[in-house]
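Open the model in your viewer and keep the selection panel at hand. The tour below goes stop by stop.

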Amino acid sequence: MRRSSTAIVGVGSAAVLVAGWLAGSARFTTDVPVAPATQLPIAETTPPPTDAGTSPLPTPTEEAPVVVACNGQIVETRYGSVQVQVVLTDGAITDAIALTLTDSSETSVEVSARAAPILREEVLAAQSAVVGNVTGATYTTQAYLSSVQSALDAAGFTG
Amino acid sequence: MIRTNHVGVDSVAHVAEPARRFLWRQRRADTLEGLSWFSFAVVLALFLADGGWTYFTNIRDLPTGTGIVAGLIGSNLLLVLLLLAARLPVVDRAIGYDLALAAHRRLGKPVLYLILAHLMLLLIGYGLALGRDPVAQAITMITTMPDLPQAFIALTILVLVVLTSLVIVRHKLPYLGWYGVHLLTYAAVLLALPHQFGQGELFAVGTWARWYWLTLYVGTLAAVLVYRFLIPLARNLRHQLRVAEVRAEAPGVVSVVMTGHHLDRLAAHGGQFFGWRFWSPGLHLEAHPYSLSEAPNGQSLRITVRQLGDGSHRLLSVRPGARVFFEGPYGLFTAAARTTGHTVLIGAGIGITPIRALLEDIDTPSGGLTVILRGDDEEHLYLRREVEDICGRIGARLEVLVGLPPHQGRTWLPSAEFAAGQTISTLAPDIPDVDLFICGPKPWAELVMRDARAAGVPRHRIHAERFDW
Amino acid sequence: MSVHTFESMGTVISIRLAPDVGTDAPDAARAIAPAHALALAEIRRVFDDLDRRFSLYDPASELSLIADGSLPLSDSSPEMRGAYADALGWRERTNGAFTPHRPDGVLDLSGLIKSVAIERAGRVLERHGHRVFSINAGGDILTGGVPSGSAWITGITDAADRTGLLTQVTLSPEWPAVATSGSAERGNHIWLRPDTDRSFRQATVIAESIVTADVLATAIIAGGQTTLDHVTDRFPVAVLVQLAGGALLANPAFRALIVRGPDGRQRLDLTTEPSHDDAAPSPVPESPERPA
């Protein structure tokens, strides 16, 4: 190719790559303006009071870490509009939560109990978890014989 | 007060017609090549827009991300490969089918490497995430995930295609065997298609990416179908080419004249070549590329072929009346490829034949055309009489160089002329401002090109007919 | 804990029984394990009776007689009519996604009957004094109590790789039952089925009752996204859906039931979109760290 053509293709390609990258970054942003108006104290629910000092949950009124949640900007994802709520514990991000906006209202943020995408890595438990039963789509007797459940049953494994 | 620039008006240089055509061709070639490069950027941009950059933010997803990118670029390159071999007229007119085919052959191995990398990296990446070694991961994928068995078969086909195309292997295979495996590439493309759409999110339903990718594939396969198969088929049905006469020109050299219907509509030019498939014992299976040895005259087509070991010796046994299937015309070795008004044609041995055909197509005023014929001896100056006749008729200068090259020194000239100090500049005085057309055995042609470059002929004005494809 | 298996309704039923030993009285007399045999025999009868009445593979069953027209529904047993009424009730509750009517018009209550059998079997066990048990009938599981020192950890099959598990969840008295329904079709032909990589391949529902879990899992596969949203909105259930393309959907209640790694936390990755857990508040981490 001539030099001028190479330059054109080079610039064009770079532009399109940058556009793609920008589009991809906009899908999730960790921009969290720490505006006081949107700070929501969480850990409102206190654990049932126990006199034994064995509660693993420090109550918020004692030397509890300061936990705040801040709402970030609304982004468009393939599954709908999502607003990110970032949870900060003692100033460090400890959780990032997607609040799915319901279809009916764009303006009010409603927390949804609906099923949302989850990564396989989040779902994959530590290998040390020991299984007693396995659920899956109904297996016939024939299929049972080669199933994980039959291996567990034959070994008398109860988990 | 308006000042006009009179100097400009008087000395406006009209761009010569050939130069303009050359520029147009160059632009077209650049556009084609530029679009190909750009398509890689587009598919990568789609990957990034889908959030693909997140694969590169941590070490664990790095193999998966790189694997996906390798697959995207590999498939895109494979489509370019198919288009290069699809005999697209726009490609032939811009860079010449022979150059396109050379590029096609060069890209074969990179495609395979990219797709192998795609597989390996994904096996490692998914295996890391799911805690399996690559072999177990591969087995899981083949046995449980839809469309992946086909993708694995497609990869196996690609490996076979590349292996059988390696020079070492190709010589050992019968032509049909190699060709059959090669055509399986189309099957590989189709088999690999479903898994690209079914796995992952990039080409998911409702995305722009899906439409784009689908269009690329459909477009490429449609182009291949039309230009590689349907149009040649239609042309053959229309022209019904048959052998009219077979005659020996010289020991070991034979001319075949063919006639058919509507040959005046066949838009061929002197200097172009066709792929010929003679319906004759031993010649059915392979399409041999030979240049026309006379410019198409609307009535017949003629080729002149030297018998080498590749089955061309069987041409002598072709009977008049035998059906001929052709593909083409192809090639940029034509009068239309000129960029200036001065032309020099140099042909050696059987390379004289396209030169002879080209000659008829050139409408240059006398004095602007030099023809140089080269042969080891008189016998090797094929079609010399015809060339002399034409040169005399149109007033072109003709130089005939006969004799073996010297033992010492590498030159394209015979020993006598070389010793006498002749160079390309003395034989063709208009150099370097000429278009140089060279046709002959590859080592000899390269020597001519070296001398021409040394004499200052720019690369874009040296046209060489490649006989080695 | 002991494991007992038997075959019925075309599948294998696995029952785990534990002696109910209290942890607060280590020196108390070891509770005598209730006699298994009586309970198991009764459970077998429950399954076989229901199978005999409702199996469409047995031409002599009451349901088959109704299917081929020789017995009008109005003349059928009260139990049959009761089951039909229940099925219709579920059809209403799932807006038609779950239905006892097959496309060819045959009344098919087999979807309901297995889980009804499991539920009754659970009651049988409780009546016989077994408080800690699990019943797995062909992939639908009901648990009772909590095994001492441990938990009812249940794996969920990966529809794409049946030898592997997608995840493991903890069943408990609050969430005792789990059922999984799968879609048999593969349909990945890109020209004809453009939606199939988004369609539901497998749905797992964890609920208070096995019948609820089973019906809703079936409904979700049949009804797709609309039914999934409806179910998660209206029923107190934990749901995991596996899409044909391999992607996963889970609601907040399900996330809370996933067996955690040793640090008890989800992996914090800011490039994904974890859901907000409104069913059970997240415990405040004891030692907050920056995510890796």
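**Before you start.** This is a predicted model: local features need pLDDT of at least 70, side-chain atom pairs count only at pLDDT 80 or more, and totals for chains, interfaces and linings use all residues. Residues are numbered from 1 along each chain as its sequence is written, while chains are lettered from A and ligands numbered from 1 in the order in which they are written.

**Stop 1: chain A.** Select chain A. It has four helices and six strands. Both are DSSP runs numbered from the N terminus: helices are H or I with at least four residues, strands E with at least two. Of its 159 residues, 26% are buried (20 or more other C-beta atoms within 10 Å of the residue's own, with C-beta atoms placed from the backbone).

**Stop 2: two helices of chain B.** Select residues 148–165 (H7) and 175–198 (H9) of chain B. Their axes come within 8 Å and cross at roughly 155°. Axes are lines fitted to C-alpha atoms, for helices over the stretch in contact; angles run from 0 to 180 degrees between N-to-C directions. The crossing angle therefore makes H7(B) roughly antiparallel to H9(B) (over 145 degrees).

Now show side chains. On H7(B), the contact residues include Leu148(B), Ile157(B) and Thr164(B). On H9(B), look for Trp178(B), Leu184(B) and His195(B), among others. Contact means C-beta atoms, placed from the backbone, within 7 Å. How many residues of this contact are nonpolar, polar and charged? There are 16 nonpolar, five polar and no charged. Nonpolar covers Ala, Val, Leu, Ile, Met, Phe, Trp, Tyr, Cys and Pro; charged covers Asp, Glu, Lys and Arg; the others, Gly among them, are polar.

**Stop 3: the sheet of chain B.** Find the open five-stranded sheet, ordered S9-S8-S7-S10-S11, with parallel pairing. Strands pair if DSSP finds at least two bridges between them. Zoom to S9 (397–402) and S11 (462–464) of chain B. These edge strands each have a single partner, so one side of each lacks a neighbour in the sheet. Twist averages 15° from one strand to the next.

Next, select S10 (residues 435–439) of chain B, which pairs with S11(B) over three bridges. Ile438(B) stands opposite Ala464(B).

**Stop 4: helices across the sheet.** H11(B) lies across S7, S8 and S10 of chain B, at about 150° to S7(B). Finish on H12 (residues 384–394) of chain B, which lies across S8 and S9 of chain B, at about 165° to S8(B).

Notes. Parallel < 35°, antiparallel > 145°, perpendicular 65-115°, else oblique. Contact = placed C-beta atoms within 7 Å. Buried ≥ 20, exposed ≤ 12 C-beta atoms within 10 Å, placed from the backbone.
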